[in-house]
Amino acid sequence: MSEQTHFVEIRHAQKSFGSLEVLKDISLNVERGQIVGIIGSSGSGKSTLLRAINDLDPLTGGEIWLDGVQVNKTLPHRQYEKHINEMRQQVGMVFQHFNLFPHMTARENVTMAPKLLKGLSQADADKLAEEQLDKVGMLERIDYYPSQLSGGQKQRVAIARALAMKPKLMLFDEATSALDPELVEEVNMVMKKLAEEHMTMIIVTHEMDFAASVCDRVLFMDKGVVVEEGPPSVLFKNPTQDRTREFLRKHIEGAS
Amino acid sequence: MDIDLMLKVYPFFLEAAWVTILLSVLTAILGLICGTLGAAARLSRFAVLRFLGAAYVSLFRGTPALIQLFILYFGGPQIGIQLDAFEAGVIGLGINAGAYMTETIRGAIIAIDKGQREAARTLGLSSWQATYKVILPQAARLMVRPLGVNLNMLIKATALVAAIAVVELTYTAQRYIGSTYKPFEMFLLAGVLYMIIIYVVGRGVAWLDRKVQIT
Ligand SMILES: Nc1ncnc2c1ncn2[C@@H]1O[C@H](COP(=O)(O)OP(=O)(O)OP(=O)(O)O)[C@@H](O)[C@H]1O
Ligand SMILES: [Mg+2]
């Protein structure tokens, strides 16, 4: 096995659900500080690929490496659980439907994992919650329950929750798809801020404008393969593949 | 209706009502223990445990509680299980209630959106940490009402132990009928006392349910 040389390295990722092959030999490298966008039509395997990176949907073939460590290595169950929990602490994930813990306030959502896994004191945890919620503009709502927040506010708390673990890598799976149009921007702003801080991010999105404005590189996926990839200026303006062109034509109405 | 007779015997019924209450409390505790273990087995990642949990549920929900009690109390001594009537009542009804509670507890746990566990696991929580920090606190809130229904059924099911001569409400009513020949008054008295117990428990469950809801 050759040494891993990129920050995130996906090698020949293959994933089947039963007889359905969802990822077909996908390889992808992401460097530290890079922002990679993944676009593609529904069912093309974007979420599956993203979820493979922290092993929520384990691959059926291929390797995932993060910062010199193989994520999906073969270990006995107990050792593997310990290993994967350590890996996941380094990878933040943001879901389409927020998945905030409804029985916890924003503060508790943010502090629960750091307290439990890193042994933070209540005082340190409170400081951390204030810091992270301030960053996403939610400090005023620190003691609100998720049910008392709008969708955009929930998603910002969810981002703060992920950031509180001080991840090396952030994964976003259609973070704004479930939001009312007028709430999308406040979440995009937070993600842009992270981009300015050079957070390494992999962003699954269907917002082409947003992808074009923050991503260093965009991948177009279709039927489990990466059809085409490149800087947004190239991929959106001069796609080389018919499938990419067709997809973009459908998804950028009015534009270009 | 012989009100005088009812007033005369009701202290004895009250005493019997305490036996019914004690029986209900002990049965509920044992039921909760069996239900928790049963649900844990049914949701286990080991197939053997899942099978045992499912077998427990279908066995005890698929046969009359009275037959289960008779097997335990009358059949028990044949296989070396010697229990007095009260013990047999608690154990028999508790294991039976546990089968129903297994499904209640399991139902509440699987009703929690799977994104909750995923979110917890992505933060780096172990499976068990995700269960007790994220899943159980939410599932517990969902369980209160249906466990209240189980409790209601279980209190009424304690009447069955009259058949193995535990001196609780139903048995007491039957005994006084033997001496007074007034079944209407005696069963009415027992019925009213059951109703009071169930009403109070029902209010308690409703109060708890309100109290645990998330703001
Ligand atoms: N747990 C699963 N079991 C079986 N099939 C699955 C599972 N998860 C995903 N799939 C299938 O895998 C394929 C890819 O799904 P995936 O969610 O990765 O697509 P996607 O590109 O994220 O789509 P969308 O834009 O709708 O989110 C789909 O055909 C989907 O039905
Ligand atoms: Mg998806």
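User: Leaving aside neighbours within four places in sequence, which residues is Leu183(A) in contact with?
Analyst: Keep in mind that this is a predicted model. Leu183(A) sits in helix H6 of chain A, residues 181-196. Once its neighbours within four places in sequence are set aside, the contacts of Leu183(A) are Ser150(A), Gly151(A) and Gly152(A).

User: Is Leu183(A) buried or exposed?
Analyst: The cut-off for buried is under 20% relative accessible area. Leu183(A) comes out at 17%, so the label is buried.

User: How far apart in space are Leu183(A) and Asp173(A), C-alpha to C-alpha?
Analyst: Along the sequence, Leu183(A) and Asp173(A) are separated by 10 residues. In space, their C-alpha to C-alpha distance is 17 Å.

User: Moving on to the interface, what area is buried between chain A and chain B?
Analyst: The size of an interface is often quoted as the accessible area lost when the parts come together. Here the contact draws on 27 residues from chain A and 23 residues from chain B. Carbon and sulfur atoms give 60% of the buried area, and the total is about 2000 Å².

User: Which three residues supply more than any other three of the area that chain A buries against chain B?
Analyst: The chain A side of the contact has 27 residues. Of the area that chain A buries against chain B, 26% comes from one trio, more than from any other three residues: Phe101(A), His103(A) and Leu116(A).

User: Which residue forms a salt bridge with Arg51(A)?
Analyst: Between chain A and chain B there are 2 salt bridges, along with 7 residue pairs in polar contact, both partners at pLDDT 80 or more. In the bridge you're asking about, the closest N and O atoms are 2.7 Å apart, and the partner of Arg51(A) is Glu118(B).

User: Where does the largest share of the side of chain A that touches chain B come from?
Analyst: The elements giving two or more residues to that side are helix H2 (77-89), strand S6 (91-94), helix H3 (106-118) and helix H5 (151-163) of chain A. The largest share is 6 residues, and it comes from H2(A).

User: Over to chain B: how many helices are there?
Analyst: Read from the N terminus on, the elements go α-α-α-α-α-α-α-α. Chain B has 0 strands, and its helix count is 8.

User: What share of the residues of chain B count as buried?
Analyst: The C-alpha atoms of chain B fill a box of roughly 70 × 50 × 20 Å along the principal axes, and the accessible surface of chain B is about 11400 Å². Out of 215 residues in chain B, the share that counts as buried is 43%.

User: Which helix gives the largest share of the nonpolar patch?
Analyst: This surface patch has about 1100 Å² of accessible area together, and its members include Met1(B), Leu14(B), Phe184(B) and Val200(B). Helix H1 (3-42) and helix H8 (183-212) of chain B each give two or more residues to the patch. The largest share, 6 residues, belongs to H8(B).

User: What is the relative accessible area of Tyr10(B)?
Analyst: Tyr10(B) is in helix H1 of chain B and is one of the nonpolar patch residues. Tyr10(B) is classed as partly exposed because its relative accessible area is 38%.

How values were computed: Residues numbered from 1 in each chain as written. Chains lettered and ligands numbered in written order. Predicted model: local features only at pLDDT ≥ 70, side-chain atom pairs only at ≥ 80, totals over all residues. Heavy atoms only, no water. Patch = residues over 30% accessible without salt bridge, like charges linked within 9 Å, V, L, I, M, F, W, Y side chains within 5 Å. Areas by Shrake-Rupley, 256 points an atom, 1.4 Å probe, with all protein chains shown as cover. Salt bridge = Lys/Arg side-chain N within 4 Å of Asp/Glu carboxyl O. Helix = DSSP H or I, 4+ residues; strand = E, 2+ residues; numbered from the N terminus. Buried < 20%, exposed > 50% of the residue type's maximum accessible area, 1.4 Å probe, protein only. Contact = heavy atoms within 4.5 Å. Buried area = accessible area lost by both parts, 1.4 Å probe. Polar contact = N/O pair within 3.5 Å; in protein donor to acceptor, adjacent residues only side chain to side chain.
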